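Subject: Structure for your review: helix packing, pocket and cavities

Dear colleague,

Please find the sequence and structure below.

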Amino acid sequence: MSRFQLVIVLVFGLFSCSKEDNTQEPIIEQPTGYTQYGTPFSPIPNTEDIIMYEVNMRAFGTTSSLQNVINRLDDIQALGVNTIWLMPIYPIGTINSVNSPYCVKNYKEISSEYGTLSLLRAFTTQAHERGMTVILDWVANHTSWDNPWITEHSDWYTKNSAGQIIHPAGTNWTDVADLNFDNQAMRLEMIDVMKYWVLEANIDGFRCDYADGVPFSFWQQAISSLNTIPNRNLIFLAEGNRTDHFSAGFQMTYAWDFYAKTKAIFNGENAANLFLTNTSEYSTIPAGKHKIRFTTNHDESAWDATPMTLFNGKNGSLAASVASFFINGVPLLYTGQEVGRQNNVSFFSNTPIDWNTNPDMLLAYQNLLDFYKTSNAAKKGTLTAYPSNDILCFKKVFKDESLLIFINVRNSSISFPIPIDFQNTTWTNAMTNSSENLGSSLNLNAYHYLILKN
């Protein structure tokens, strides 16, 4: 799952919608009664080609306006990103609130903290002009206690034996009210609102919060219905790891096990175990579907620590990112990760990123992802691991393209015996284009990574 709170952890699914007007883009009537704003974005990336960036609006500037994100779209694009995930944009409830964006007061509105429908439309239009898709965070599992549904449709919520609406069972998320997915009217309304955002704001899909807490039958119903919208190829990311999410229509689920194992091996565990976790996570995934891989996201940077702390500085952070990018899966970056934010990044209040820090780290991320997006071997090559205690060594091959990657997961120099298959071979350094002649051993400095191509 994802997202925690000061005394609460928040949970939701994903579905939402909003409306308004903006530029001169055409508006076309749709059977839903909504209008299609703009032109549906056609070059939706294949799942294997996605490079995703999570936007925390409350960290982009001294205010939380979407305009701050628009102002940095060129910088996001420069990272090689082709899919932007916006954290929840909806008004936040005030009853029992901890000011979490995952406490949705109205699914069909935009919080004035972030802007207006016109501004969201401007955002999606300008992202599309740069070749980037936009997905919204959808919170399906629950609402705020002052959401209009509470008073208008109390039967849409889960109740205890005394007839009182409850917060999600088994959690301490007391700021939100649990929705009842046995109620078919609620389901249809939620799906309708999700369509609203696709049509009225021209968004390209949803990242569904706490997807594991919402029934399979609803996700299947919702995704099937959304996929009937003409001229759309929507993206669906489940914040969960249930295997039935793929059957429901999600293209991606979370790689929490891989994240946990990455932390463990950088903290001394046998590096070879990361390959075992990768194999385990992918053992039940249908062809064409993927895990989303990360070294941080809004939950981890708020409640765990930032990569700079978890992986012992810039070099360790980059080394961990190389593992998450290249050992299968879809890469995810989170707001401020690319400039090495040191302190935790709250999403309950405004916590601006200093975008001018660590320009060398930013350049490294740009170079890594610039290569990744052009390499079929990186994105869909067959992986062969060469297990070692301290070095991640693996080869990826797709057709006539081969990659050989070494990552030192320790904070000390290590002399690594090169597998016999690669001794006395010549490669090209993918980051520098210089020639690399491999002998019988390779000296790798602390947290050093080497990406070689044929």
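At what angle do helix H3 (residues 117–129) and helix H5 (residues 184–200) pack, and how far apart are their axes? The angle is about 60°, and the axes lie 10 Å apart. On the H3 side, the contact is formed by Leu117, Leu120 and Arg121, and on the H5 side by Tyr196, Trp197 and Glu200. By class, the residues of this H3–H5 contact comprise 4 nonpolar, no polar and 2 charged. Please note that the model is predicted.

Helix packing around H12

Helix H12 (residues 314–326) packs with helix H8 (residues 256–266) at an angle of about 140°, the two axes being 11 Å apart. H8 is therefore oblique to H12, and their crossing is right-handed. From H8, the residues in contact are Phe258, Thr262 and Phe266, while H12 contributes Gly316, Ala319, Ala320, Ala323 and Ser324. This contact of H8 with H12 has 5 nonpolar and 3 polar residues, with no charged ones.

H12 also packs with H13, here at an angle of about 15° and with the axes 11 Å apart. That angle makes H12 roughly parallel to H13. The crossing of H12 and H13 is right-handed. In H12, the residues involved are Lys314, Ser317, Leu318, Ser321, Val322, Phe325 and Phe326; they meet Asp360, Met361, Ala364, Tyr365, Leu368, Leu369, Phe371 and Tyr372 in H13. The residues of the H12–H13 contact divide into 11 nonpolar, 2 polar and 2 charged.

The largest pocket

The largest pocket has a volume of about 180 Å³. Its lining consists of Tyr282, His290, Asn328, Gly329, Lys379, Lys380, Gly381, Thr382, Leu383 and Lys396. Two elements, helix H14 (376–380) and strand E13 (382–385), each supply at least two residues of this lining.

Cavities

How many cavities of 30 Å³ or more does the structure hold? There are 2.

The largest cavity has a volume of about 70 Å³. A total of 15 residues line this cavity, and those nearest its centre are Thr306, Pro307, Gly336, Gln337 and Arg341. Helix H11 (307–310) and helix H13 (359–374) each provide at least two residues of the lining of the largest cavity. Classified by residue type, the lining of the largest cavity has 6 nonpolar, 8 polar and 1 charged.

The second largest cavity has a volume of about 40 Å³. Asn56, Met57, Arg58, Met87, Pro88, Pro101, Tyr114 and Phe347 form the lining of the second largest cavity. These residues divide into 6 nonpolar, 1 polar and 1 charged.

In summary, the packing angles run as follows: H3 with H5 at about 60°, H8 with H12 at about 140°, and H12 with H13 at about 15°. As for the spaces, the volumes are about 180 Å³ for the largest pocket, about 70 Å³ for the largest cavity and about 40 Å³ for the second largest cavity.

Yours sincerely

How values were computed. Residues numbered from 1 in each chain as written. Predicted model: local features only at pLDDT ≥ 70, side-chain atom pairs only at ≥ 80, totals over all residues. Heavy atoms only, no water. 1 Å grid on protein atoms, 1.4 Å probe; cavity = no way out; pocket = protein on both sides within 12 Å on 5 of 7 lines; lining within 4 Å. Points joined across faces, edges and corners; volume = space filled by probe spheres on them. Helix = DSSP H or I, 4+ residues; strand = E, 2+ residues; numbered from the N terminus. Axes fitted to C-alpha atoms, helices over the stretch in contact; angles between N-to-C directions. Parallel < 35°, antiparallel > 145°, perpendicular 65-115°, else oblique. Left-handed = near helix turned anticlockwise from the far one by under 90°. Contact = heavy atoms within 4.5 Å. Nonpolar A, V, L, I, M, F, W, Y, C, P; charged D, E, K, R; others polar.
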